[in-house]
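Okay, thanks for coming, everyone. I'd like to talk about aromatic rings today, so let me put the structure up.

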Amino acid sequence: MIRTHFRKLSAVVAAAIAFAAVPLVTPAYAQEPAAPAAAAPAAPAADAPPTVEERLTDIEHYFKNDAAPTKSLKDQSGPGHNGFLMICAALVLFMTLPGLALFYGGLVRSKNVLSICAQCLGIAGLVTIMWWAFGYSLVFGVNLKSPFIGGTEYFFLKDVGAAPNTTYAAWPAQSVFCMYQLMFAIITPALIIGAVAERMKFKAIMVFVALWMVVVYFPMAHMVWGGTGLMNGVWNSDAKVTAIDFAGGTVVHMTSGWSALVLCLILGKRIGFGKDKMAPHSMVLCMVGTGMLWVGWYGFNAGSSLSADGVASNAFMTTTLAAATAGFVWALIEGVHRGKPSVLGFCSGVVAGLVVITPACGFVTANGAMIIGLLAGLVPYIFVTILKGKFGYDDALDTFGVHAVGGTLGAIVTGFLASSDANSNLLLPDYAGKNGLAVADAAGKLVLNKSGLITGQFIAIGITLAISIVATIVIALIVKAVVGLRPTPEEESIGLDLADHGEEGYEH
């Protein structure tokens, strides 16, 4: 019996060795040119099976993630990259549910904790329906050939299946890519509710978000990440603005943060603001939510490589360094400034670090991430603890101070600290080499066009500010006229948990 199994095993091994030796005895090219044939050989049949060389080439592309599959694996998703992106999609959803819900929920008063949870859940459902119907297509479609908006080819997720959409990612299934990008679309408007917490009706928030996604998020996401996007400096050879944004500094944090400031100014201050105590009702929930956000942010940042490759590894590292450094620096400054480092300070610093590194994480080195962590612990701290009090605006949960300021800061420092050593995609001749993000040096080698990049970052910031601010003013006034923005003073006093949802977060 043992000998029989041994003979079978020997036969299998011999066959494998013979198969592996095929490329060695039949090379893809010869070192010496062959003599010309008398007549050109007949073209292979269109349905000829892929050769060993073609199969090996696709496998090499899969491991290097440097090209889309060709004949051998055409229209097939790569399981490793596919699985990686599915995990990252789940992590990004985890940031909103329950991460952001607990982070924001712990910072409000106990009578409003459920309203935060309901708003996060409501936004998740609303945005998903919009994404299915037309949102994904307006962001990642291309058939309109517009730098400002996508296309119509994916309405109702038509043809969004297991084959990759190679305009954006070579190996993950388009269905997975679509769901991954959906999670970004969910968390972005959810960030806004932090500035208007405890004083905006649930119905008003849902109507506002529906309009805001169409006017602000979908166009901005296409301009920055779409295949024909105006500001997609890395992957659009025709980009007119050579800006870069790895995971959403402009698209996510600037749009939501600046819109949040405008909306909270239009709404006005909470009843009793500056007179009544409005301290967080549970710093434990806030800290737990912060930890969830940090964990989920790896899906947000590393996942934006859209594959399990070296760029994702770098983003994972830089995200960790910036978040940890910013949390420590914020608490250190607070200890000097106020005498004691608070848990809220640690939490705010960590989130600020995550925000500022977001646009840069896939483009900077470890040292760049440490610089970003230091700036993230300092600049947002000034806005949250000093300037907010001086100007007197009621940004309830510091959405503006952390996300708008942090996102803007991140977009700026990305221009200064981005390096092709961290991401060689900044020098792709078919994209950066054509739109001006990369230029030839004296030796004819492509190098990063630093001045052009920095200029592009500031232009992108200006466009983001204009769209976010103007659109929010118009949308808020429309919502105010149609359904009203604020609850009655009596409803606000008893809390939005009871007023909007007929429930209480706690029975005591």
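Tyrosine 180 and phenylalanine 184 are both buried. Keep in mind that this is a predicted model. The two sit in helix H6, which runs over residues 174–192, and they are four residues apart, about one turn of the helix.

How many aromatic pairs are there in total? The count is 26. Tyrosine 180 with phenylalanine 184 is one of them, an edge-to-face pair at 5.1 Å centre to centre, with 65° between the planes.

Now a second one: tryptophan 330 and tyrosine 381 are edge-to-face too, at 5.4 Å and 85°. This pair ties together distant parts of the chain, 51 residues apart, with tryptophan 330 in helix H10 (residues 310–338) and tyrosine 381 in helix H12 (residues 366–391). Why do we call tryptophan 330 buried? Because its relative accessible area is 2%, and the cut-off for buried is under 20%. Tyrosine 381 counts as buried as well, because its value is 3%.

Next, the cluster. Ring pairs join up a whole set of residues, including Trp131, Phe134, Tyr168, Phe177 and Tyr217.

Two of those names come back in the largest nonpolar core, which has 131 residues: Trp131 and Tyr217 have the most contacts inside it. And which helix gives the most to this core? That's helix H7, residues 202–225, with 15 residues.

Methods. Residues numbered from 1 in each chain as written. Predicted model: local features only at pLDDT ≥ 70, side-chain atom pairs only at ≥ 80, totals over all residues. Heavy atoms only, no water. Phe/Tyr/Trp six-rings, centres within 6.5 Å; stacked < 30°, edge-to-face > 60°. Buried < 20%, exposed > 50% of the residue type's maximum accessible area, 1.4 Å probe, protein only. Core = buried A, V, L, I, M, F, W, Y, C linked by side-chain atoms within 4.5 Å.
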